[in-house]
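Keep the model open while you read.

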Number of protein chains: 2
Amino acid sequence: MANLSNPHVAVVGSSGAVGQEMIRCLAERNFPLSRLTLLSSARSAGKTETFRGETITTQELNRDSFKDVDIALFSAGGGISKEYGPIARDAGAVVVDNSSAFRMDPDCPLVIPEINPEDIQKHNGIIANPNCSTIIMLMAITPIHRMNRIKKVIVATYQAASGAGAAAMRELESQSRQLLAGEPLTMEAFPYQIAFNAFSHNSAMDVDSGYNQEETKMIKETHKIWHDESVAITPTCIRIGTFRAHAESIHLELEHPVDLEAIRTALSGMPGVSLIDDRSKNYFPMPIETSGKDDVFVGRLRKAAGGSAERELELFCCGDQLLKGAALNAVQIAEHLIQK
Amino acid sequence: MANLSNPHVAVVGSSGAVGQEMIRCLAERNFPLSRLTLLSSARSAGKTETFRGETITTQELNRDSFKDVDIALFSAGGGISKEYGPIARDAGAVVVDNSSAFRMDPDCPLVIPEINPEDIQKHNGIIANPNCSTIIMLMAITPIHRMNRIKKVIVATYQAASGAGAAAMRELESQSRQLLAGEPLTMEAFPYQIAFNAFSHNSAMDVDSGYNQEETKMIKETHKIWHDESVAITPTCIRIGTFRAHAESIHLELEHPVDLEAIRTALSGMPGVSLIDDRSKNYFPMPIETSGKDDVFVGRLRKAAGGSAERELELFCCGDQLLKGAALNAVQIAEHLIQK
């Protein structure tokens with residue numbers, strides 16, 4: 001059994017964009033760990049990281065990596081999670097997995113700690129961290145759902161490069177430099193130019209339905225986290241040339257008439273959510289102000305215009321894709337594990 | 001009376017981003033004009049432009065500028081239009097105005113030539129060019145509305161810097177350079193950083209409703225162009241760091257069940273609209289491919305996911321804000337004027 005009072009924690013994929021943030025979150029939140037092991041591919045093995053003043057050398061991930069590990073935070077892609085997640089679990093660790101590998105597995109809880117912490121304890125050794133767009137949306141709309149049931153969600157995303165990893169963030173930067181210098185573009189991380197552009201999310205598309213995987217994740221993961229498949233969710237996932245904070249424009253159809261003041265109060269009382277909703281100053285959530293922040297920011301709260309607007313609510317939210325959308329949420333799950 | 005068979009055309013605001021595109025459209029479309037006069041503020045007067053091999057010197061706009069002018073294309077801001085539009089009209093010109101000054105005036109038709117050309121002939125000397133986001137949306141959805149009435153529109157925009165003028169486009173470029181060089185940002189055209197960011201549209205907001213002017217324009221102008229105030233339209237207008245093509249994610253609630261094939265056929269048959277809707281290649285409309293193009297591009301056509309999806313349609317469209325969103329539409333209106 002994993003020692004959850006003073007655990008040995010491993011970060012798998014520690015050199016990636018999310019892995020780096022996991023290390024930072026563990027340090028900043030004073031996570032009570034007895035030892036930190038950093039695991040990565042052969043290419044990144046040997047790299048050193050400073051953690052609480054201590055230098056830790058990254059090791060190459062192998063089947064024996066998890067011998068004394070109590071909690072393993074995975075963020076190295078679905079393939080690595082599928083192969084090494086069960087190995088880590090069988091070695092006695094509790095796995096918190098940031099990939100999509102186990103999210104829809106009925107044996108694996110899918111958790112946003114502010115929303116369904118009770119699901120954490122139902123784990124069988126693997127707990128899944130939801131998709132970034134799902135987390136950011138649900139942080140913003142769950143407080144509303146709890147007071148006035150959401151029947152329908154129409155959401156359009158403005159997703160940052162970081163969702164495709166550190167190489168994609170570098171590509172946004174390098175393409176921007178190339179375009180400003182009039183040089184030819186290099187295109188590796190994304191199928192289309194990301195600098196000064198917007199394009200439909202680059203995950204595989206179901207040709208029959210016309211929905212890509214990112215959109216399908218937002219639908220299915222919401223149903224699982226809310227334990228409610230009756231909510232109709234229609235996402236359109238779009239990438240734009242921002243670095244690390246996703247934004248989402250959300251339309252909600254509610255069961256009862258919109259009470260804006262009550263909704264503002266509910267959002268203000270939600271841990272991990274901050275309101276930025278200043279109509280008089282035209283000041284609302286923005287990716288650049290959200291980057292590096294733990295909270296999901298919510299604003300542009302208003303009734304829909306026209307029609308059956310009494311029961312329809314609009315909002316705009318932003319969340320740091322690497323933090324609450326990935327690393328922070330995983331570390332928060334681990335914090336709940338050690339509290340029990 | 002204006003001579004509309006071989007007109008003397010004036011462009012007011014000829015040195016602006018839209019004015020420059022107006023000159024280009026007139027040249028490229030071989031607009032049958034007898035003479036072109038370029039008018040601008042004192043600051044830009046004296047500048048020369050080449051038009052069909054001829055050098056034209058920009059003159060300073062004044063009350064006597066319109067003496068022999070038959071058609072005056074205005075794009076110098078609402079204040080200039082309000083002051084000089086009536087002067088041009090009273091001097092005998094037909095005014096095509098790209099500002100918001102006359103759009104909601106019941107005496108002024110508001111026209112997208114592919115949609116309501118019949119309204120052009122109802123003018124009393126001033127014809128208004130709609131807002132760019134309205135034009136781009138209506139080009140994409142009017143063919144659908146004509147075959148299966150649209151009851152509700154939920155739209156989220158991804159708007160380019162060009163909508164705020166040439167200085168705003170330069171600001172996107174200069175801020176990008178500054179950020180990549182680690183230098184302090186200059187912020188003049190926009191209230192917030194536009195490079196690598198997204199923010200709620202910088203038009204004045206109605207504090208009571210929570211809608212900004214850009215959003216209100218999309219609602220009211222659609223009602224006027226369609227001659228139908230019963231359509232419920234809820235826009236969320238967001239600026240992103242692209243240069244000159246707007247994108248829009250649109251959800252439609254229709255009167256009858258969605259027939260995707262019939263909708264594709266209708267869109268393919270719409271002048272000024274091109275379908276880019278390749279699910280198997282994940283290839284859809286993008287701002288960078290739309291820039292400099294006359295057409296509005298439409299894709300991601302699909303039924304809504306879940307719920308009452310039978311009557312709900314999703315799509316994503318892009319249009320060049322300076323061309324179909326402004327200059328081209330104005331020149332097309334002028335072309336209709338001279339054809340009659």
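Strand β11 (residues 232-236) of chain A is mostly covered in this predicted model. Of its 5 residues, 4 are buried. Its pairing is with strand β9 (residues 150-158) of chain A. The two strands run in the parallel sense and share 5 bridges. One point to locate on screen is V153(A), which stands opposite I233(A) in β11(A).

**Chain A as a whole**

Chain A holds 8 helices and 16 strands. Its C-alpha trace spans about 60 × 55 × 45 Å along the principal axes. The radius of gyration of chain A is 20 Å. A compact globule of 340 residues would have a value near 20 Å, so the two agree. Buried residues make up 56% of the 340 residues. Among contacts in chain A with a separation of 6 or more, 66% join residues 24 or more positions apart.

**The parallel sheet of chain B**

Strands of a sheet pair through backbone hydrogen bonds, either parallel or antiparallel. Chain B has an open sheet of 6 strands with parallel pairing. The order is β5-β2-β1-β6-β7-β8. Which strands stand at the edges? They are β5 (59-60) and β8 (126-128) of chain B. Each has a single partner strand, so one side of each is left without a neighbour in the sheet.

Helix α1 (residues 17-28) of chain B packs on this sheet. The helix touches β1 (8-12), β2 (35-40) and β6 (71-74) of chain B. The direction of α1(B) makes about 155° with that of β1(B).

Strand β2(B) is joined to β1(B) by 5 bridges, and the two run parallel. At the other end of the sheet order, strand β7 (residues 94-97) of chain B is joined to β8(B) by 3 bridges, also parallel.

| Strand pair | Bridges | Residue pair |
|---|---|---|
| β9(A) and β11(A) | 5 bridges | V153(A) opposite I233(A) |
| β1(B) and β2(B) | 5 bridges | H8(B) with R35(B) |
| β7(B) and β8(B) | 3 bridges | V96(B) opposite I127(B) |

**A helix pair in chain B**

Two packed helices are described by the angle between their axes and the distance between the axes. In chain B, helix α3 (residues 132-147) packs against helix α8 (residues 323-339). The angle is about 90° and the axes are 8 Å apart. The helices α3(B) and α8(B) are therefore roughly perpendicular to each other. From α3(B), the contact uses C132(B), I135(B), I136(B) and M139(B). From α8(B), it uses K324(B), G325(B), A326(B) and N329(B). By class, the residues of this contact are 5 nonpolar, 2 polar and 1 charged.

**Where the chains meet**

In the interface, 50 residues of chain B are in contact with 50 residues of chain A. The chain B side has 26 nonpolar, 17 polar and 7 charged residues.

Start with G78(A), which lies in helix α2 (residues 78-90) of chain A. Why is G78(A) classed as partly exposed? It has 16 other C-beta atoms within 10 Å, and the partly exposed class lies between 12 or fewer for exposed and 20 or more for buried. Leaving out residues up to four places away in sequence, G78(A) touches S99(A), S100(A) and A101(A).

Next come two asparagines with positive phi. N30(A) has phi near 50°. This residue sits in the loop between α1 (17-28) and β2 (35-40) of chain A. With 8 other C-beta atoms within 10 Å, N30(A) is exposed.

N282(B) has a positive phi of about 55°, although it is not a glycine. Its loop runs between β16 (273-275) and α7 (287-290) of chain B. N282(B) has 17 C-beta neighbours inside 10 Å, so it counts as partly exposed.

Definitions and conventions. Residues numbered from 1 in each chain as written. Chains lettered and ligands numbered in written order. Predicted model: local features only at pLDDT ≥ 70, side-chain atom pairs only at ≥ 80, totals over all residues. Contact = placed C-beta atoms within 7 Å. Nonpolar A, V, L, I, M, F, W, Y, C, P; charged D, E, K, R; others polar. Axes fitted to C-alpha atoms, helices over the stretch in contact; angles between N-to-C directions. Parallel < 35°, antiparallel > 145°, perpendicular 65-115°, else oblique. Rg over C-alpha atoms; globule rule 2.2 N^0.38 Å. Pairing = 2+ DSSP bridges.
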